[in-house]
Amino acid sequence: MEVKADVLIIGGGLGGTLAAFSAARKGKSVILTEETDWIGGQLTSQGVPPDEHKWIEKFGCTESYRTFRNRVRDYYRKQYPLTEDARNDPHLNPGNAWVSRLSHEPRIAKNILEDMLQPYRSNGQIKILYNCKPISVAVEDDYINSVTVDSHDHGFIELRGTYVLDATECGDLFPMANVEYRIGAESKSMTNEPHALDDYEPEDMQSFTQVFALEYDPKGDHVIEKPAMYDHWQTYQASFLEHKQLSWEIPDADTGKSKTLKMFTDDDQLGLWEYRRIIDPALFKQGFFNSDISLINWPQNDYWEGAIIDVSPEEREKHVYEAKQLSLCLLYWLQTEAPRDDGGYGYPGLKLRPDIMGTVDGFAKHPYIRESRRLVAVETVVEQDINGDFSPYKGVRIRPNSIGIGAYRIDLHPTTKTHRLFYAPSYPFEIPLGALIPIRIKNLIPACKNVGATHLTNGCMRVHPVEWNIGESAGALAAFAIEKNLGLKQIYEDERSTKEFQNQLEELGIQLHWPKVGIL
């Protein structure tokens, strides 16, 4: 079976979904594949509400991302019985989470993203193939001729596109197509970054997380069966931490020293329960929700015991299993042994919510992946472009060839080999066109966190609005290259072509430059 389109997008996460959206808006036909049955990636199938910068309510994202945020709030206003105060709040946050300004149910995001693509599915421009994984890539003369996927419903399918976009969570097409890429932590000699390692450590990647959804019924008893690895994780203490993994202590982002949090927020301290809470019953009419609902993506279930990229299938499966065991053990500990403020132990009323995640067990459909393979591109975004303490630009680095913007502190969770954390004050950044262009392959475009970045700068380029922007611009770039019959490097090297492409991006509502702003 063979299927063709102008633009072939492998991976239906945020970047892939928005790449399909922008390519279709520019009149091109699109095939979009997704390995689960939900599009939306970290926002939906991975169960992580948006991580955003402090200016997001006013500026600093694409027009379509702002529309998405408004539609999430409107969805709750129209479909849910909110209190009058909540309904009239222009900055409605359904979960009142303290880490996200728009903490909401994954399925709501999925519905809105599907609605965005639906007109182009109806007219035949976008075809989505769910439950598909790429297994091979055919390349000739530095040109990708086809990608073969294994489809749960249709077996092997050969897909062809004039341009191929890799929007997979781990940059899966790169090794298949023999594309130049990097993984792990670069050395100082490779990037000249102040905080790069002395030696290249390809196995040193950010931890990943198996996210799950819980509600809390104080009078209930929903204790799960003791997980297989509980004896291991219950006593586990990493050599680089001052506390046990299953405890109320977490590593301070700046120092790595232990700091204590509580289960629930009170007048003195923020609580972990509200960290990524997606439903706060106080915002809804009395009795509509019987309890809070929260997504559990905490420091306690970050998994750093091994990498899942460029390892054997057996090694990958082992770490995915152990990461899920860690999350199950965290839940069991919370239900049975976690110290309470009243002197007791455990919260047996914590209950898994499979319906929230669209799964049978209450876990996200896909692990939350923070770090991918990264393209060796004609331009690479490095730490000194962004880190506020080391940037020579004394503010935002202005990119004449910008294809979008982003802002987040450089944020590394404990890594899989050196186990370091890193959290740095950062300037907002502009994404250079060259970060989307391979040094050799002619028709491949990265469309998510797999762009030309480093281990360090991936720590701020991986968040939701940035991946959204990268995907949207990547889809538009493929459409522009087809429309103008130009190669990617031709667009990059010709100032007039770059400017014409940027004009099209601005017509799509993509902000290219930052106003004068301070440091994060």
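Visitor: In which helix is glycine 15 found?

Guide: Glycine 15 is found in helix H1, which covers residues 14–25, a helix here being a DSSP run of H or I with at least four residues, numbered from the N terminus, as strands (E, at least two residues) are. This is a predicted model, in which local features need pLDDT of at least 70 and side-chain atom pairs count only at pLDDT 80 or more, while totals for chains, interfaces and linings use all residues. Residues are numbered from 1 along each chain as its sequence is written, and side-chain values use heavy atoms, with hydrogens and water left out.

Visitor: Why does glycine 15 count as buried?

Guide: Buried means under 20% relative accessible area, exposed over 50% and partly exposed in between, with a 1.4 Å probe and protein chains only; glycine 15 has 0% relative accessibility, and therefore counts as buried.

Visitor: What does glycine 15 touch, once residues up to four places away in sequence are not counted?

Guide: Contact means heavy atoms within 4.5 Å, and on that basis glycine 15 touches Ala167, Ala447, Cys448, Glu467 and Gly471. Proline 465 is 450 residues from glycine 15 in sequence, yet their C-alpha atoms are 9.6 Å apart in space.

Visitor: Why does serine 294 count as buried?

Guide: Serine 294, which lies in strand E13 (residues 293–296), counts as buried because its relative accessibility is 0%. Leaving aside neighbours within four places in sequence, serine 294 is in contact with Phe212, Ala213, Leu214, Trp273, Arg276, Arg277 and Ile278.

Visitor: What lies 2.9 Å from a polar atom of the side chain of serine 294?

Guide: That position is taken by the backbone oxygen of tryptophan 273.

Visitor: Which residues lie nearest the centre of the largest pocket?

Guide: Val99, Ala253, Tyr275, Asp411 and Tyr423 lie nearest the centre, among 43 lining residues. A pocket is an open set of points on a 1 Å grid over the protein atoms alone, where a 1.4 Å probe fits, with protein on both sides within 12 Å along at least five of seven lines, and lining residues have an atom within 4 Å of a point.

Visitor: How do the lining residues of the largest pocket divide?

Guide: They divide into 22 nonpolar, 7 polar and 14 charged, where Ala, Val, Leu, Ile, Met, Phe, Trp, Tyr, Cys and Pro count as nonpolar, Asp, Glu, Lys and Arg as charged, and the others, Gly among them, as polar. The lining of the second largest pocket divides into 8 nonpolar, 3 polar and 8 charged residues.

Methods
A polar contact is a pair of N or O atoms within 3.5 Å; within protein, one must be able to donate a hydrogen and the other to accept it, and residues adjacent in sequence count only if both atoms are side-chain atoms.
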